[in-house]
Amino acid sequence: MSSLVLSERMQAIESLVLSGKPVADIGTDHGFIPAHILLEGICPYAILTDINKGPLERARQNLCEFEVDPTKYELRLGSGFETLSPGEADSVIIAGMGGELMVSMFQEAPFDLSCISRFVLQPRTHEEALRGWLTQNGYCIRDCVLAREKDRICEIYAFEPVAEDISVPDIGLVSEALLHKGDPLLVQYLNLKIAHARAILGFASRSVSEEGTIAAQHYSDILDLLTEMRKNV
Ligand SMILES: C[S@@+](CC[C@H](N)C(=O)[O-])C[C@H]1O[C@@H](n2cnc3c(N)ncnc32)[C@H](O)[C@@H]1O
């Protein structure tokens, strides 16, 4: 057992990585996830990338401190998929960034990403945008899990490439895959979303402007949808 203990969010990310195959972690920052994956022998090799020198240096120091075998990893500076070549990694982790930034990484990838078996993605914002874009562009949700992080609950997905004509769009307010899986945190997750929608509705309802009225109607509809979903869980 390594002395590196991952947070609940990072453990959930690790649990979706394909074992026995090389992994890449784009936007690694501290490098804790690939460090733990290597220390536990889950994957034989890891590529750690980041767009900024500071985080990459932090990752280098952390892996050194946790005595990760230096022949088992590589650190690369650069943006998104530009730091990888086809066939180098079976799983790619991208975690802790906005969903829209992740979509732009997929759109700007310099090679055909269908050679990568699995993408383990944890968007911090715009989860629907990421899920919607991927499931409409040749990816399916193979697995999904919720994980608590401080006062929020994160969505974590394992996306895999599929033929575009068989990918099923998952574009609702809450992922169909998440609703079907019945994650133990699902009710709490819906409660957080309901509280958020209720707070915005309260704010919008106090506005006398036309925009305020439109927003109030929009959030009232969202609140109804979420309440219905929670009833059916
Ligand atoms: C909030 S940290 C997340 C760290 C880690 N992935 C996690 O989930 O704990 C985001 C990291 O992504 C890096 N980053 C932002 N945009 C990037 C891009 N286009 N390509 C690669 N790394 C990026 C940042 O420098 C930062 O280190």
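This is a predicted model: local features need pLDDT of at least 70, side-chain atom pairs count only at pLDDT 80 or more; totals for chains, interfaces and linings use all residues.
**Domains**

The domain assignment divides the protein chain into domain 1, residues 8-177, and domain 2, residues 187-232. Their C-alpha centres are 31 Å apart. Domain 1 puts 4 residues into the contact between the two, and domain 2 puts in 7 residues. On the side of domain 1 that touches domain 2, the residues comprise 4 nonpolar, no polar and no charged.

**Nonpolar core**

In soluble globular proteins, nonpolar side chains tend to be buried together. The largest nonpolar core of this model has 57 residues. Within this core, Ile13, Ile93, Ile94 and Ile156 have the most contacts. Strand β7 gives the most to the core, with 6 residues. Because domain 1 (8-177) and domain 2 (187-232) both give residues to the core, it lies between them.

Apart from neighbours within four places in sequence, Ile156 is in contact with Ala12, Ile13, Leu16, Gln122, Cys144, Val145 and Ala147. Ile13, in that list, is itself one of the core residues with the most contacts.

**Strands**

Strand β1 covers residues 23-26. Val23 and Asp25 point one way from β1, while Ala24 and Ile26 point the other way. All four are buried, on either side of the strand. Strands β1 and β2 run parallel and are joined by 4 bridges. Ile26 has Thr49 in β2 as its bridge partner.

Strands β6 and β7 pair in the antiparallel sense, over 10 bridges. Asp143 has Ala158 in β7 as its bridge partner. The two strands form a hairpin with 2 residues between them. Lys150 is in the turn of this hairpin and has a positive phi of about 50 degrees.

**Positive phi**

Most residues other than glycine have a negative phi. Lys150 has a positive phi although it is not a glycine, and His126 likewise has a positive value, near 50 degrees, in a residue other than glycine. Lys150 sits in the loop between β6 (139-149) and β7 (152-161). His126 sits in the loop between β5 (118-125) and α5 (127-135). Lys150 is exposed, because it has 7 other C-beta atoms within 10 Å and the limit for exposed is 12 or fewer. His126 is partly exposed, with 17 other C-beta atoms within 10 Å.

**Ligand shell**

The ligand has 14 residues around it, of which Gly27, Asp29, Pro55, Ala95 and Gly96 come nearest. By class, the shell holds 5 nonpolar, 7 polar and 2 charged residues. Strands β2 (46-50) and β4 (91-98) each supply at least two residues of the shell. The largest share, 3 residues, comes from β4.

**Helix and loop residues**

Glu14 lies in helix α1, residues 8-15. With 22 C-beta neighbours inside 10 Å, Glu14 counts as buried, because 20 or more such atoms make a residue buried. Leaving aside neighbours within four places in sequence, Glu14 is in contact with Leu6, Ile33, His36, Ile37 and Ile42.

Glu65 lies in helix α3, residues 53-65. It counts as exposed, with 11 C-beta neighbours inside 10 Å.

Ser19 is found in the loop between α1 and β1. With 15 other C-beta atoms within 10 Å, Ser19 is partly exposed. Beyond its neighbours within four places in sequence, Ser19 is in contact with Ile42 and Cys43. Ile42 is also among the contacts of Glu14.

| Pair | Separation along the chain | C-alpha separation |
|---|---|---|
| Glu14 and Leu134 | 120 residues | 21 Å |
| Ser19 and Cys43 | 24 residues | 5.3 Å |
| Glu65 and Glu211 | 146 residues | 54 Å |

Key. Residues are numbered from 1 along each chain as its sequence is written. Domain bounds come from an automatic or database domain assignment. Ala, Val, Leu, Ile, Met, Phe, Trp, Tyr, Cys and Pro count as nonpolar, Asp, Glu, Lys and Arg as charged, and the others, Gly among them, as polar. A residue is near a molecule or strand if its C-beta atom, placed from the backbone, lies within 6 Å of it. A nonpolar core is a set of buried Ala, Val, Leu, Ile, Met, Phe, Trp, Tyr and Cys residues joined through C-beta atoms within 7 Å. Two strands pair if DSSP finds at least two bridges between them.
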